[in-house]
Amino acid sequence: PPPGRGARLPLARVKALVKADPDVSLASQEAVFVLARATELFVETIAKDAYVYAQQGKRKTLQRKDLDNAIEAIDEFAFLE
């Protein structure tokens, strides 16, 4: 979103997921917002990288194999393997 705008993910849902972690006792609204924004950026990044593989296959729709290829090829995604 443009600067100054809210997150795209529902903050109440993000907060519920944070609270579901038994190691977390409190989470400020700012922390929930930052987590939501970081998640959005992560999804955007991996989707763009996976789309490159879809284009190589002459497709416009992402498939699981495109995500797998992006995860395998990009060092930053190694934790997902």
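A: Helix 1 and helix 2 are roughly perpendicular to each other, a label that covers angles of 65 to 115 degrees, whereas under 35 is roughly parallel, over 145 roughly antiparallel and the rest oblique. The model is predicted: local features need pLDDT of at least 70 and side-chain atom pairs pLDDT 80 or more, while totals for chains, interfaces and linings use all residues. Residues are numbered from 1 along each chain as its sequence is written, and side-chain values use heavy atoms, without hydrogens and water.

Helices are DSSP runs (H or I, at least four residues), numbered from the N terminus. The axes of helix 1 (residues 11-19) and helix 2 come within 9 Å and cross at roughly 100 degrees; axes are lines fitted to C-alpha atoms over the stretch in contact, with angles from 0 to 180 degrees between N-to-C directions.

On the helix 1 side, Leu11, Val14, Lys15 and Val18 meet Gln29, Val32, Phe33, Leu35 and Ala36 of helix 2, where contact means heavy atoms within 4.5 Å. By class, this contact has 7 nonpolar, 1 polar and 1 charged residues; Ala, Val, Leu, Ile, Met, Phe, Trp, Tyr, Cys and Pro count as nonpolar, Asp, Glu, Lys and Arg as charged, and the others, Gly among them, as polar.

Helix 2 (residues 29-56) also holds Glu40. Glu40 counts as buried because its relative accessibility is 7%, buried being under 20% relative accessible area with a 1.4 Å probe and protein chains only. A polar atom of the Glu40 side chain lies 2.9 Å from the backbone nitrogen of Leu9.

Methods:
Helix = DSSP H or I, 4+ residues; strand = E, 2+ residues; numbered from the N terminus. Buried < 20%, exposed > 50% of the residue type's maximum accessible area, 1.4 Å probe, protein only. Polar contact = N/O pair within 3.5 Å; in protein donor to acceptor, adjacent residues only side chain to side chain.
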